[in-house]
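Hi everyone, thanks for making time today.

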Amino acid sequence: LVKTLGQTTETGLSHFRRLVAESKIRPGHFGPRELLCKLLWWHQAAAEGMESVATGGKPYSVYASDDEMEARAVGRQAGKTVEQLAVAVEGYQQRLTKAASQISDPNATVFVHEDGREDSVVQRLEAMEQRWQAAIEEVQAL
């Protein structure tokens, strides 16, 4: 799953970079760049949750809805270019890959949603893979 997510992430990032080259991402408009901000946040949360659990800590927990966390993520990344966001995603992918390999139980909880739902390593990787696949489909259509 980690390898598949890494490959899907790289494919997705290549599409975002293509959109910049084609001038299809414009600052100030909601679109692919903001989608990348959301994906970056999911990568960060997964990496940090897995790193924490891998070292005996607690899972990454949020106290707002997924939609609210995504909206906050877009705001935190204001002013950053697609390339800066892509480089950050790549860094989190590396961290996630390393941390996931250090967790012996793939069913260990690494993320807790605001409603109390818990995601295991496998569930978080699968959810991220699905998010990236959906994003790829969306940006390929542009």
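Before the fold, one term: helices (H or I, at least four residues) and strands (E, at least two) are DSSP runs, and they are numbered from the N terminus. What you see is a predicted model, where local features need pLDDT of at least 70 and side-chain atom pairs count only at pLDDT 80 or more, while totals for chains, interfaces and linings use all residues. Residues are numbered from 1 along each chain as its sequence is written, and side-chain values use heavy atoms, leaving out hydrogens and water.

So, the overall layout. The protein chain has five helices and three strands, and along the sequence they come in the order α-α-β-α-α-β-β-α. The C-alpha trace spans about 45 × 30 × 20 Å along its principal axes. For 142 residues, a compact globule would have a radius of gyration near 14 Å, and this chain, at 15 Å, agrees with that. That radius is taken over C-alpha atoms, and the globule rule is 2.2 Å times the number of residues to the power 0.38.

How much of the chain is buried? Of the 142 residues, 46% count as buried, meaning under 20% relative accessible area, with exposed being over 50% and partly exposed in between (1.4 Å probe, protein chains only).

Now let's look at helix 3, residues 66-76. Its buried residues are Asp-66, Met-69, Glu-70, Ala-73 and Val-74. Why are they on the same side of helix 3? Because they cover an arc of only 145° around the axis, the arc being that of the directions from the helix axis to the C-beta atoms. These buried residues pack against helix 2 (32-54) and helix 5 (121-140), where contact means heavy atoms within 4.5 Å.

One of those residues, Asp-66, leads us to His-113. You'll find His-113 in the loop between strand 2 (109-112) and strand 3 (118-120). His-113 is buried, with a relative accessible area of 4%. Not counting residues up to four places away in sequence, His-113 touches Trp-42, Val-62, Asp-66, Asp-119 and Arg-124.

Last stop: Leu-39, in helix 2. Leu-39 is also buried, with a relative accessible area of 4%. Leaving aside residues up to four places away in sequence, Leu-39 touches Phe-16, Arg-131, Trp-132 and Ala-135. From Leu-39 to Val-62 is 23 residues in sequence and 16 Å in space, C-alpha to C-alpha.
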